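Good morning, and thank you for the time. I would like to go through the side-chain contacts and the surface of one model, and I ask that you keep the view open while I speak.

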Amino acid sequence: MDKIEKDKQTIRYMVDLYCKNKLKMNKTSEEYEQLIEYAFARLEHCKYGEDKPACKNCSTHCYKQDMRSKMQTVMRWAGPRMLFYSPLAAIRHLLNH
């Protein structure tokens, strides 16, 4: 699995974790599915490809401001909690970024 696919997997996991545990949703809402699809599209079209840095460290911010803000909220909440829900994914994410 390449870096882009791993990043997609991590985004999906973080958004699902946020919706389920923070927002108490049984399934990911349409609003957050759109956020996932948006993030996937940005990853697919990243000009850095497999050499892309973490988005927060990138000099080219390709997210629209509202989507960027929403993704930051999700990641700030879900990131630390990944250690409890999926320690291996959390460690892999930290090592790759």
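**Aromatic contacts**

Let me begin with Y18, which counts as buried at 7% relative accessibility. Here buried stands for under 20% relative accessible area and exposed for over 50%, with partly exposed in between (1.4 Å probe, protein chains only). The model is predicted, so local features need pLDDT of at least 70 and side-chain atom pairs count only at pLDDT 80 or more, while totals for chains, interfaces and linings use all residues. Residues are numbered from 1 along each chain as its sequence is written, and side-chain values use heavy atoms, with hydrogens and water left out.

How many aromatic pairs does a search of the whole structure find? The search gives 3. Y18 and W77 form an edge-to-face pair, with 5.9 Å from centre to centre and 75 degrees between the planes. For the criterion, rings of Phe, Tyr and Trp (its six-membered ring) pair if their centres lie within 6.5 Å; planes under 30 degrees apart are stacked, those over 60 are edge-to-face, and the rest are tilted.

What does this contact tie together? Y18 belongs to helix α1 (residues 3–22) and W77 to helix α3 (residues 65–85), so the pair links parts that are 59 residues apart in sequence. Helices are DSSP runs (H or I, at least four residues), numbered from the N terminus. W77 is buried, at a relative accessible area of 14%.

Y38 and Y63 make an edge-to-face pair, because their ring centres are 5.3 Å apart and their planes stand at 80 degrees. Y38 lies in helix α2 (residues 30–44), whereas Y63 sits in the loop between α2 and α3, so this pair connects parts that are 25 residues apart in sequence. Y38 counts as buried at 14% relative accessibility, and Y63 counts as buried at 14%.

Y18 and W77 return in a cluster: together with Y32 they form one aromatic cluster.

**Charges over rings**

Y38 also takes part in a contact with a charge. The charged end of R42 sits over the ring of Y38, 5.9 Å from its centre. The rule asks for NZ of Lys or CZ of Arg within 6 Å of the ring centre and within 35 degrees of the ring normal. K8 lies over the face of F40, at 5.5 Å from the ring centre.

**Salt bridges**

Side chains of opposite charge can pair when their charged atoms come close. The count comes to 6 salt bridges, each defined as a side-chain nitrogen of Lys or Arg within 4 Å of a carboxyl oxygen of Asp or Glu.

K8 bridges to E44, with the closest N and O atoms 2.3 Å apart. K8 is in helix α1 and E44 in helix α2, so this pair ties together parts that are 36 residues apart in sequence. Furthermore, E5, K8 and E44 are linked in a network of salt bridges.

Which residue forms a salt bridge with E31? That residue is K70, and the closest N and O atoms are 2.7 Å apart. K70 lies in helix α3 and E31 in helix α2, so the pair joins parts that are 39 residues apart in sequence. K70 is partly exposed at 23%, and E31 is partly exposed at 41%.

A further bridge joins the side chains of K3 and D7, at 3.6 Å from N to O. K3 and D7 are separated by about one helical turn, because they are 4 residues apart in helix α1. D7 is buried, with a relative accessible area of 9%.

**The nonpolar surface**

I close with the surface. L83, F84, Y85, I91 and L95 make a nonpolar patch of about 610 Å². Patch members have over 30% relative accessible area and no salt bridge; nonpolar side chains (Val, Leu, Ile, Met, Phe, Trp, Tyr) are joined within 5 Å, and like charges within 9 Å. Areas come from the Shrake-Rupley method with a 1.4 Å probe; for residues, only the protein chains shown count as cover.

The elements giving two or more residues to this patch are α3 and α4 (87–96). Helix α3 gives the most, with 3 residues. Y85 is found in helix α3 and counts as partly exposed at 45% relative accessibility.
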